[in-house]
Amino acid sequence: MKPVKTDSLDNFAETAERHKERFRFEWPGKEAAIKSAREPATQNLVPVEEESLHFNDTRNLYIEGDNLEALKVLQDKYSGKIKMIYIDPPYNTGNDFVYNDKFRDIHNKGTHKSGPGESAADENALSSRNHSIWLSMMYPRLMLARQLLARDGAIFISIDDHELHHLRVICDEIFGASNLRNTFAVRRYDKNLNRQFMANGLKTFNVGFEYILCYAKSEAFEFQPVFREPSQKRSATGYWKGFWNDADRPTMRYDLLGFTPETGQWKWKQETALEAVNNYKEYLEHFSSQMSLEEYWIHTGMTKKFIRRNPNGKGKNKGVENWIAPSSGILRSSNWTDLLVSKSDETSKGLFDFPKNVEVIKTLINTACKSEGIILDFFAGSSTTAHAVMELNVQDGGERSFILVQIPEDTHPKSHARKEGYENICQIGKERINRVVDKLKGESAQVDLGYQVFRLENVSFPGG
Ligand SMILES: C[S@@+](CC[C@H](N)C(=O)[O-])C[C@H]1O[C@@H](n2cnc3c(N)ncnc32)[C@H](O)[C@@H]1O
């Protein structure tokens with residue numbers, strides 16, 4: 001078994017050692033967690049052809065097993081090759097994650113088992129133990145994930161208030177604080193749960209959104225612009241607005257449609273304004289009987305400006321107006337609260353509670369992975385990322401591929417999925433992809449709608 005490529009992991013550990021006296025974020029088990037990233041993988045990828053789809057004709061991978069092992073095994077072939085990583089790790093809301101690493105034991109040693117009515121100190125001890133376990137789980141995985149990212153790649157991490165503050169600090173350490181590009185806010189369902197506490201004193205409002213952190217691998221990563229629907233008011237039609245600017249540059253006071261201001265100024269330089277006057281004349285004379293101004297604007301490439309003068313106009317601009325074009329979309333900010341973070345659809349219904357909204361993941365992919373590139377999700381759950389990749393490729397003819405990693409965690413014995421016969425989350429993940437393929441297969445012959453299944457299995461040594 002080959003050891004994990006450790007050059008830059010070694011550097012990372014040495015740099016951390018040298019900077020011991022600097023500002024640092026510590027928890028019991030951190031050193032062991034860093035060390036665990038550098039230990040060789042103990043498992044191999046074994047192909048499972050019978051559970052795959054178009055095994056010999058696909059670049060998509062579905063890996064069943066612990067992602068720490070998977071991230072190590074992937075280094076050999078994919079180091080520096082991954083364009084985008086999206087992960088939706090357990091948020092550490094209680095017992096929401098499986099964590100088999102031996103380092104859990106470090107945190108268990110000597111810890112008191114607390115219960116209701118415990119003191120503030122006990123409560124703190126319990127909570128810091130829980131944070132420590134989560135951080136020790138995340139840290140080596142993020143170190144290895146960084147190694148996989150291409151120079152112009154980026155990682156996106158879903159998280160909520162339980163660990164956002166800690167995640168920021170460890171990501172600053174691992175990816176570099178200057179590589180934080182954005183913290184996106186995405187909307188949760190409006191809940192009215194805390195209403196019940198109003199009478200006795202409301203301690204917190206229901207949490208209405210969560211976050212997606214984006215760290216670039218380096219300055220070479222560039223976002224693709226993505227747009228959102230304009231609000232109703234700004235949408236379909238353009239409108240006329242007074243052509244005026246309250247600054248006072250004499251060079252910007254020129255004759256426009258028979259009026260030259262004596263104070264103040266026009267909005268644009270003379271050449272642009274005169275061209276806009278001519279554009280509108282041209283429209284009136286030759287096109288206004290056939291189409292609306294909006295249609296003419298679209299027909300001529302959505303760049304023309306227009307100016308007119310309302311003969312009865314008063315005010316500083318004496319009725320001179322410029323046309324504000326319909327807004328076809330607003331460049332998104334980091335406020336994504338128009339999008340719901342979790343949403344089921346026909347491909348995930350009955351399989352998984354609270355899958356991520358495929359539209360959110362598609363939008364993320366659109367910002368980071370234009371038409372080709374490998375997208376890795378190593379907390380795959382119900383395979384929303386695979387759904388998003390396949391659907392986008394069908395929609396825009398892209399050639400993106402995915403690598404998903406999911407541990408075969410048992411489904412809850414009382415869950416709908418278990419009643420339907422899905423024993424573990426890998427079965428759910430694969431079923432979801434199959435449903436997506438069924439939905440999309442009529443729509444494009446070119447797109448890769450297959451996946452190879454691999455299982456991580458212990459390396460057996462001859463005679464061992
Ligand atoms: C919050 S869910 C992800 C949901 C997913 N984004 C979706 O839309 O369906 C996190 C997933 O990570 C998986 N997971 C937790 N620890 C893991 C590990 N060590 N290796 C691989 N998967 C793990 C859990 O089983 C769970 O399915």
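## Basis

Residue numbers start from 1 along each chain as its sequence is written. In this predicted model, local features need pLDDT of at least 70 and side-chain atom pairs count only at pLDDT 80 or more, while totals for chains, interfaces and linings use all residues.

## Overall form

The protein chain holds twelve helices and 15 strands. These are DSSP runs, numbered from the N terminus: helices are H or I, at least four residues, and strands are E, at least two. The C-alpha trace spans about 95 × 60 × 50 Å along its principal axes. Of the 464 residues, 33% are buried (20 or more other C-beta atoms, placed from the backbone, lie within 10 Å of the residue's own).

## Domains

The domain assignment, automatic or from a database, gives domain 1 (7-228 + 332-458) and domain 2 (232-324). Their centres, taken over C-alpha atoms, are 51 Å apart.

## Helix H3

Helix H3 covers residues 67-78. Its buried residues include Asn67, Leu68, Glu69 and Ala70. Among the elements covering them are helix H5 (120-148) and strand S14 (399-406). Gly80 follows H3, with a positive phi near 75°.

How values were computed. A residue is buried if 20 or more other C-beta atoms lie within 10 Å of its own, exposed if 12 or fewer, and partly exposed in between; C-beta atoms are placed from the backbone. Two residues are in contact if their C-beta atoms, placed from the backbone, lie within 7 Å.
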